[in-house]
Amino acid sequence: MEKMPVNGGNISEEKIIRGLLSLYILREISISPCHGYDLQQRIEKKTGMDLPPGTVYVLLKSLKERNFLNAERETNERNQEIFVYTITDDGINFLKDHYMALRIARGMIDDLLMTAENLNR
């Protein structure tokens, strides 16, 4: 699994990845409400990134403070207290507001990847 570049990586790169990861968290929760550990497992499986401990929880807290997520306290089957996150209307609107920017970025990233691949030949 690829390590996420945080704490020691390029600061600009870290900000970009954290921003994208925040959007990805909103996307995942819009599909299915979940708790932090489940979310981290889903993201790591889908992206192939090995997220540093606490990364998802810091982003969940920030998204909740911005009113993009709600957190409901529940008790799991092992009698542990967990928070199950759901997306709010503000969170949905935030995702919608980034649609065009993400489409443009995808085209630019595709071009950059193609260039990098050609340079590595």
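This is a predicted model: local features need pLDDT of at least 70, side-chain atom pairs count only at pLDDT 80 or more; totals for chains, interfaces and linings use all residues.
Figure 1. The phi of N79 is near 65 degrees, a positive value in a residue other than glycine. Most residues other than glycine have a negative phi.

**Figure 2. N67 in the loop between α3 and β4.** The residue shown, N67, is placed in the loop between α3 and β4. N67 is not a glycine, yet its phi is positive, at about 65 degrees.

Figure 3. Strand β5 covers residues 81-87 and pairs with β2, residues 34-35, in the antiparallel sense. Two bridges join β2 and β5; for H35, the bridge partner in β5 is V84. Strand β4, residues 69-75, also pairs with β5 in the antiparallel sense, over seven bridges. Within this pairing, L69 has I87 as its bridge partner in β5.

**Figure 4. L69 and the largest nonpolar core.** The largest nonpolar core holds 20 residues. Those that touch the most other members are L21, I25, L26, I29, L39, L60 and L69. At least two residues of this core are supplied by each of α1, α2 (36-47), α3 (55-65) and β5. Helix α1 gives the largest share of this core, six residues. Which residues does L69 touch, leaving aside those up to four places away in sequence? The contacts of L69 are L26, I29, L60, L63, K64, Y85, T86, I87 and T88.

**Figure 5. E28 in helix α1.** The residue in this view, E28, is found in helix α1. Is E28 buried or exposed? E28 is buried, because its relative accessible area is 1% and the buried class lies under 20%. Not counting residues up to four places away in sequence, E28 touches L39, R42, I43 and K46.

**Figure 6. The largest pocket and its lining.** The volume of the largest pocket is about 380 Å³. Its lining consists of 15 residues, and L20, L23, L102, R103 and A105 lie nearest the centre of the pocket. Two or more lining residues come from each of α1 (11-31), α4 (89-97) and α5 (99-119). Which element provides the largest share of the lining of the largest pocket? Helix α5 does, with seven residues. Sorted by class, the lining of the largest pocket has nine nonpolar, four charged and two polar residues.

**Figure 7. The second largest pocket and its lining.** A volume of about 240 Å³ is found for the second largest pocket. The residues that line the second largest pocket are I17, L20, L21, L23, Y24, R27, T47, M49, L95 and L102. Helix α1 gives the most to this lining, with six residues. The lining of the second largest pocket divides by class into eight nonpolar residues, one polar residue and one charged residue. Rolling a probe the size of a water molecule over the atoms shows where empty space is left.

Conventions
Residues are numbered from 1 along each chain as its sequence is written. Side-chain values use heavy atoms; hydrogens and water are left out. Two strands pair if DSSP finds at least two bridges between them. Helices (H or I, at least four residues) and strands (E, at least two) are DSSP runs, numbered from the N terminus. On a 1 Å grid over the protein atoms alone, a cavity is a set of points where a 1.4 Å probe fits but cannot get out, and a pocket is an open set with protein on both sides within 12 Å along at least five of seven lines; lining residues have an atom within 4 Å of a point. Grid points are joined across faces, edges and corners, and a volume is the space filled by probe spheres set on the points. Ala, Val, Leu, Ile, Met, Phe, Trp, Tyr, Cys and Pro count as nonpolar, Asp, Glu, Lys and Arg as charged, and the others, Gly among them, as polar. A nonpolar core is a set of buried Ala, Val, Leu, Ile, Met, Phe, Trp, Tyr and Cys residues joined through side-chain atoms within 4.5 Å. Buried means under 20% relative accessible area, exposed over 50%, partly exposed in between (1.4 Å probe, protein chains only). Contact means heavy atoms within 4.5 Å.
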